[in-house]
Amino acid sequence: MTRPVRALLKWSNLRHNYRVAKRRAAALAYAVIKANGYGHGLEACANALASEADGFAVACVDEGVRIRSAGFDHPILVLQGAYNAEEWQVAADLGLQLVVHHEQQLQDCQGLEFRYPVPVWLKINSGMNRLGIRVDDANSIIIQIEANDNLQLVHVMSHFATADEADDAFFTEQRQIMLKHDWPVPLSLSNSAALMRDESIAEAVSRPGIMLYGSSPLAEKTASELDLRPVMSLQSALISTHEVAAGEGVGYGHSWVAERDTRVGVVAIGYGDGYPRHAPVGTPVNVAGVECPLIGRVSMDMITVDITDVPTAQIGSSVQLWGELVDIDRVAALCGTIGYELYCQVTPRVPRVTLQ
Ligand SMILES: *Cc1c(COP(=O)(O)O)cnc(C)c1O
């Protein structure tokens with residue numbers, strides 16, 4: 001038997017979730033597949049969505065190059081734009097669309113010759129205060145872009161800081177800043193959370209990411225309440241079972257001590273696979289179809305679970321860490337993080353297996 005850890009990937013669920021996004025979108029939806037498709041595989045995600053996605057969004061030119069090299073001719077938006085002149089040239093040659101978030105990027109492309117103008121999305125800082133041009137400076141930058149024959153301004157975009165939170169005060173403020181201004185080209189504003197909030201936003205292109213993978217983008221709603229289905233199921237199996245008596249400790253530091261006589265299951269998964277080391281005691285782990293609590297510390301290659309209440313569990317029994325049986329957002333919340341990070345942390349040693 002090979003090591004039983006697997007990330008099972010159900011691509012029909014990616015397409016289902018993209019359709020949920022499309023139904024909410026005012027017009028086009030570019031599927032955000034940056035960071036290796038949120039850990040699911042960049043080319044695999046592009047392939048799964050190839051017949052439906054209006055376009056793809058990635059973080060950097062390198063990721064755009066990978067998608068083009070894999071043979072996809074969809075519109076590709078590079079969310080951080082070009083880092084230097086060489087990247088402008090590569091992007092131009094491959095027909096990538098670039099975000100311009102800083103005046104430096106316009107200086108970087110001075111003096112270059114492109115065969116076709118590069119489509120540019122001007123990023124406005126409406127309050128996230130990370131990337132973007134201040135609203136007050138937008139007009140002078142727009143004039144610079146429009147005067148440059150190498151560039152074609154296609155969209156103005158912005159990104160929300162608090163779209164996932166129930167309190168909508170700042171979200172509304174950012175949205176108003178963008179909607180009330182008179183822009184020369186259509187807007188792109190929404191991430192998953194903005195798309196799934198109550199009202200839809202009048203925009204030409206939305207940019208859903210996390211919802212495509214089946215995690216809820218909203219703090220107060222679960223994925224299933226939003227009709228989102230998990231693409232990834234992180235699976236393994238029991239490799240040992242044994243009994244400890246009340247009073248005995250389990251694992252490093254004996255951070256967990258049995259309060260009752262306990263049957264312990266050892267699962268072949270650990271932080272070496274990307275399972276979070278800081279998962280606390282009680283984190284749900286599904287063993288042979290039954291939810292069991294994690295006990296003891298997460299090791300590099302193993303975790304321990306309390307399987308006292310699952311007498312049928314034995315060596316070889318299947319285990320799910322997150323996926324269709326265990327909502328990743330629950331695991332993430334217990335670990336003090338978000339589903340995004342758990343997906344991205346699954347390490348290369350975990351084989352990705354396509355289910356359908
Ligand atoms: C990552 C990203 C998105 C997608 O965000 P989700 O929260 O995953 O939907 C959209 N727009 C920009 C600019 C991003 O960086």
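Reader: Which residues does Lys 34 touch, if residues up to four places away in sequence don't count?

Author: Heads-up: this is a predicted model, where local features need pLDDT of at least 70, side-chain atom pairs count only at pLDDT 80 or more, and totals for chains, interfaces and linings use all residues. Numbering starts from 1 along each chain as its sequence is written, and side-chain values use heavy atoms, with hydrogens and water left out. Contact here means heavy atoms within 4.5 Å. Leaving out residues up to four places away in sequence, Lys 34 touches Ala 57, Val 58, Ala 59, Glu 63 and Leu 79.

Reader: What does the UniProt annotation say about Lys 34, and which helix is its place?

Author: The entry is unreviewed, and its annotation covering Lys 34 reads "modified residue: N6-(pyridoxal phosphate)lysine". UniProt positions are given in the numbering used here, with feature names shortened, and annotations may be inferred rather than shown by experiment. Helices (H or I, at least four residues) and strands (E, at least two) are DSSP runs numbered from the N terminus. Lys 34 sits in residues 34-38, that is, helix H2.

Reader: Is Ser 206 buried or exposed?

Author: Ser 206 lies in strand E10, residues 205-206. Not counting residues up to four places away in sequence, Ser 206 touches Ala 25, Leu 28, Ala 29, Tyr 30, Ser 190 and Leu 195. The scale uses relative accessible area (1.4 Å probe, protein chains only): under 20% is buried, over 50% exposed, and in between partly exposed. Ser 206 comes out at 1%, so the label is buried.

Reader: At what angle do H1 and H3 pack?

Author: H1 spans residues 11-24 and H3 residues 42-49, and their axes are 9 Å apart. Axes are lines fitted to C-alpha atoms, for helices over the stretch in contact, and angles run from 0 to 180 degrees between N-to-C directions.

Reader: How many salt bridges does a search of the whole structure find?

Author: A salt bridge needs a side-chain nitrogen of Lys or Arg within 4 Å of a carboxyl oxygen of Asp or Glu. Arg 3, Asp 273, Asp 301 and Arg 349 are linked in a network of them. Over the whole structure, the number of salt bridges is 11.

Reader: How many residues apart are Glu 324 and Lys 10?

Author: These two form a salt bridge, with the closest N and O atoms 3.6 Å apart. Glu 324 is in the loop between strand E18 (318-322) and helix H10 (328-334), and Lys 10 in the loop between strand E1 (6-9) and H1. The pair links distant parts of the chain, and the separation is 314 residues.

Reader: Which residue does Glu 52 pair with in a salt bridge?

Author: Glu 52 lies in the loop between H3 and strand E3 (55-58) and its partner in helix H1, so the pair ties together parts 33 residues apart in sequence. At 22% relative accessibility, Glu 52 counts as partly exposed. The closest N and O atoms are 2.6 Å apart, and the partner is Arg 19.
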